[in-house]
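Please take a moment with the sequence and the model shown below, and then follow the paragraphs that come after them.

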Amino acid sequence: MTPQDRAERSAREMLHGDTASQSLGMTITEIAPGCATLTMPVTDAMLNGHGICHGGYIFTLADSAFAFACNTYNQRTVAQQNQITYLAPGPPNDTLTARAVEVSRTGRSGIYDVTVTASDGTTLALFRGLSRTIKGQIFPEEEGTT
């Protein structure tokens with residue numbers, strides 16, 4: 001199995017059970033080892049009192065992209081810590097994109113940066129996630145296979 005095949009299968013398996021991301025209309029548009037890009041439509045139910053996308057939904061999109069990126073190696077991996085900085089409001093009735101990229105992966109720990117953008121390319125938020133690999137695989141695969 002190639003690293004790309006492993007990343008794609010891991011994403012399919014995870015998405016199948018990820019009712020949170022599915023219920024928010026998230027779609028995986030790109031997956032590769034250590035990287036993931038997801039989109040999410042901003043619905044009226046996601047708007048805050050200012051008529052813009054609630055920051056919690058932007059965070060959730062970034063967190064989902066982070067989760068898919070750090071689980072591309074078929075090793076169960078969870079969030080250890082994360083933070084987000086909001087730079088611009090999320091427009092109503094827009095489609096947001098979150099692109100997660102692996103910065104470092106050593107032993108059981110990883111660092112991932114996620115950029116969330118509006119459809120016009122405006123950067124809305126920067127998210128950094130720290131991951132921790134735990135026991136288990138996403139799908140059955142012999143250890144040490146390539």
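Which pattern does the chain follow when it is read along the sequence? The chain follows the pattern α-α-β-β-α-β-β-β-β, and its secondary structure comes to three helices and six strands. Here helices (H or I, at least four residues) and strands (E, at least two) are DSSP runs, numbered from the N terminus.

This is a predicted model, in which local features need pLDDT of at least 70 and side-chain atom pairs count only at pLDDT 80 or more, while totals for chains, interfaces and linings use all residues. Residues are numbered from 1 along each chain as its sequence is written, and side-chain values use heavy atoms, with hydrogens and water left out.

The overall dimensions come next. The C-alpha atoms of the chain fill a box of roughly 50 × 25 × 25 Å, taken along the principal axes. For 146 residues, a compact globule would have a radius of gyration near 15 Å, and the chain, with 15 Å, agrees with this; the radius is taken over C-alpha atoms, and the globule rule is 2.2 Å times the number of residues to the power 0.38. Of the 146 residues, 36% count as buried, where buried means under 20% relative accessible area, exposed means over 50%, and partly exposed lies in between (1.4 Å probe, protein chains only).

On a 1 Å grid over the protein atoms alone, a cavity is a set of points where a 1.4 Å probe fits but cannot get out, whereas a pocket is an open set with protein on both sides within 12 Å along at least five of seven lines, and lining residues have an atom within 4 Å of a point. Grid points are joined across faces, edges and corners, and a volume is the space filled by probe spheres set on the points.

The largest pocket has a volume of about 190 Å³. The elements that give two or more residues to its lining are α1 (3-17), α3 (55-70) and β3 (77-86), and the largest share, four residues, comes from α3. In total 13 residues line this pocket, of which M14, A67, N71, T77 and V78 lie nearest its centre. By class, the lining has eight nonpolar, two polar and three charged residues; Ala, Val, Leu, Ile, Met, Phe, Trp, Tyr, Cys and Pro count as nonpolar, Asp, Glu, Lys and Arg as charged, and the others, Gly among them, as polar.

The structure also holds one cavity of 30 Å³ or more, and about 40 Å³ of space lies in the largest cavity. Its lining is formed by C70, T77, R105, G107, R108, S109, G110, Y112, S131 and T133. The lining of the largest cavity divides into two nonpolar, six polar and two charged residues.

R105, one of the residues that line the cavity, also has its charged end over the ring of Y73, 3.6 Å from the ring centre; a charge sits over a ring if NZ of Lys or CZ of Arg is within 6 Å of the ring centre and within 35 degrees of the ring normal. Y112, another lining residue of the cavity, belongs to a cluster in which ring pairs link F59, F66, Y112 and F127. The structure holds three aromatic pairs, where rings of Phe, Tyr and Trp (its six-membered ring) pair if their centres lie within 6.5 Å.

Two loops deserve a look at the backbone. Most residues other than glycine have a negative phi. In the loop between α3 and β3, however, N74 has a positive phi of about 60°, and N74 counts as buried because its relative accessibility is 1%. In the loop between β3 and β4 (95-106), N93 has a positive phi near 55°, and N93 counts as exposed because its relative accessibility is 63%.

What is the spatial separation, C-alpha to C-alpha, of P91 and P140? These two residues, 49 residues apart in sequence, are 41 Å apart in space. P91 lies in the loop between β3 and β4 and, at 27% relative accessibility, counts as partly exposed. In helix α3, A69 is buried at 0% relative accessibility, and A69 and I134, 65 residues apart in sequence, are 15 Å apart in space, C-alpha to C-alpha.

Definitions and conventions:
Phe/Tyr/Trp six-rings, centres within 6.5 Å; stacked < 30°, edge-to-face > 60°.
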